[in-house]
Amino acid sequence: TLALAIAVASALRNLLGAAIQIKWPNDLVWHGQKIGGLLLEARTLSNQCQVVFGIGLNYRLPDFFHLAHTWTDLATVLTDTHLPPRNALAAQIINTCLPVLDSFPETGLTPYLPLWSALDALAQRPITLLTPTDTVQGIAQGIDTHGALRVQVDGTEHRYQWGQVSVRY
């Protein structure tokens, strides 16, 4: 999911010129507002890995969604005059993701870590992380080679594989 999030965010930045970032683990954000997200499910069957992934982008939301200030859409970010057709945008994103899906089993997340650092919406920010068993407050420190979120809590770094993150203001 993280490597694909990097690919999609990079593609959107390159194609649209929008400062899209990633909020760990799978949200695409623009100036702190969610513009999309990714979901991935992988299964291993008979020594083959099957992956199904979905990408959701807010292309053009109804006006009432903008009232919450937590979501935005591509139409708002780009203005309608610069918004590419949906199919063209989808094709370009898919073409960006295919090489990631092809190479990831061999390379893992390591080659993507510098890109993550450049796209990380949480970097060095105070966060609250809700896990199934705990609420953690600390400073986000990026991800490790396995995709775990690194959080500094009282001078000690901890790593989390899952959880719900919010930025503390």
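Modeller: Gladly! Let's start with aspartate 27, which counts as buried because its relative accessibility is 14% (buried means under 20% relative accessible area, exposed over 50%, partly exposed in between, with a 1.4 Å probe and protein chains only). Before going on, please note that this is a predicted model, where local features need pLDDT of at least 70, side-chain atom pairs count only at pLDDT 80 or more, and totals for chains, interfaces and linings use all residues. Residues are numbered from 1 along each chain as its sequence is written, and side-chain values use heavy atoms, leaving out hydrogens and water.

Aspartate 27 sits in strand S2, which covers residues 27-30. Helices (H or I, at least four residues) and strands (E, at least two) are DSSP runs, numbered from the N terminus. The side chain of aspartate 27 makes a polar contact of 3.2 Å with that of lysine 34; such a contact is a pair of N or O atoms within 3.5 Å, and within protein one must be able to donate a hydrogen and the other to accept it, while residues adjacent in sequence count only if both atoms are side-chain atoms. Setting aside neighbours within four places in sequence, aspartate 27 is in contact (heavy atoms within 4.5 Å) with Gln21, Ile22, Lys34, Gly36 and Gly37.

Now for the whole chain. The protein chain has four helices and nine strands, in the order α-β-β-β-β-α-α-α-β-β-β-β-β from the N terminus. Of its 169 residues, 41% count as buried, and aspartate 27 is one that does.
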